[in-house]
Amino acid sequence: MKNFFVILGGMGTLATTNFLNDMNKAYRPESDQEYLNYLVFNHATIPDRTNFILGKSNNNPFKYLKEDILQAEKLNPDFFIITCNTAHYFYNELQNITEIPIISMIDLVKKELIRLGKNKNIGLFATEGTIKSHLYDDIILKSGNKIISNDEKLQEKINDILYNDVKKSGKISLSKYYKVLESFIKKGIDYVLLACTEASIINSFDNNKKNYPIIDTEKLLVNETINKAIYNRNKSI
């Protein structure tokens, strides 16, 4: 197979499946042959990223991700994507072991923040691992914006949605989701960064489209993946 990309997934499996669904909704060609070529590494046994980052586990997810990249690299894909925000904690280490580009959700958010302009208050709908590793802090601040930190009560609500509802039970609670978004708005947030692909699952199911001010990292990744895959395919013709 030529002109294909590799999805490093399984973090979690539902988030990976949601990415595929969103990608195939966003790009709907007229024939089977026009769809994109890709391989999915749904490596579900990769240890929890947040537990490692917070020091609750010594089982380092990097070695599992490294294994996936080294296996997939032999097939010569055009690029890699990682369908997990928290796993971007290992992004630089992972990119250093391969010459094949890995699309960075952090870079995509940086471009989006520049597009939206300065002097915005940004809230993070994310795991504690993503927040405490400061993955998005630098690009938010350097883009001329401000991070509004989550208080303990708000973070507990986010954790409940991401872990108990989506990861553990596979449930989608739009009412809980809306309440958290309303809490962000009450704190004076201009944009809520959905920096966890489990949150993106809920956003994908939001048919009410209440027009909350959201930056969805997974949707940015979907668009970039489609554009890059089509560009590479057309370049080879």
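Student: How many residues does helix α9 have, and what distance does α9 reach from its first C-alpha to its last?

Tutor: In this predicted model, helix α9 runs over residues 174-186 and has 13 residues. From the first C-alpha to the last, α9 reaches 18 Å, which is close to the 18 Å expected at 1.5 Å a residue.

Student: Which residues of α9 are buried, and where do they fall when one looks down the axis of the helix?

Tutor: The buried residues of α9 are Y177, Y178, V180, L181 and F184. Seen down the axis of α9, these buried residues fall within an arc of 160°, so they line one face of the helix. On the other side of α9, K179 and K186 are exposed.

Student: Which elements do the buried residues of α9 pack against, and what phi does G188 take just after the helix?

Tutor: The buried residues of α9 pack against the strands β4 (121-125), β6 (191-194) and β7 (214-216), and also against the helices α8 and α10. Just after α9, G188 takes a positive phi of about 85°.

Student: Is N119 buried or exposed?

Tutor: N119 counts as exposed because its relative accessibility is 70%, and exposed means over 50%. H134, at 49% relative accessibility, counts as partly exposed.

Student: How many cavities of 30 Å³ or more does the structure hold?

Tutor: Rolling a probe the size of a water molecule over the atoms shows where empty space is left. This structure holds two cavities of 30 Å³ or more, and about 80 Å³ of space lies in the largest cavity. Of the 13 residues that line the largest cavity, the closest to its centre are R49, C84, T86, T127 and K167. By class, the lining of the largest cavity has four nonpolar, five polar and four charged residues.

Student: Which residues line the second largest cavity?

Tutor: The second largest cavity, with about 40 Å³ of space, is lined by N3, F4, F5, L36, N37, A229 and R233. The elements that give two or more residues to the lining of the second largest cavity are β1 (4-9) and α11 (217-236).

Key:
Residues are numbered from 1 along each chain as its sequence is written. This is a predicted model: local features need pLDDT of at least 70, side-chain atom pairs count only at pLDDT 80 or more; totals for chains, interfaces and linings use all residues. Side-chain values use heavy atoms; hydrogens and water are left out. On a 1 Å grid over the protein atoms alone, a cavity is a set of points where a 1.4 Å probe fits but cannot get out, and a pocket is an open set with protein on both sides within 12 Å along at least five of seven lines; lining residues have an atom within 4 Å of a point. Grid points are joined across faces, edges and corners, and a volume is the space filled by probe spheres set on the points. Ala, Val, Leu, Ile, Met, Phe, Trp, Tyr, Cys and Pro count as nonpolar, Asp, Glu, Lys and Arg as charged, and the others, Gly among them, as polar. Helices (H or I, at least four residues) and strands (E, at least two) are DSSP runs, numbered from the N terminus. The expected span of a helix is 1.5 Å times one less than its number of residues. Buried means under 20% relative accessible area, exposed over 50%, partly exposed in between (1.4 Å probe, protein chains only). The arc is that of the directions from the helix axis to the C-beta atoms. Contact means heavy atoms within 4.5 Å.
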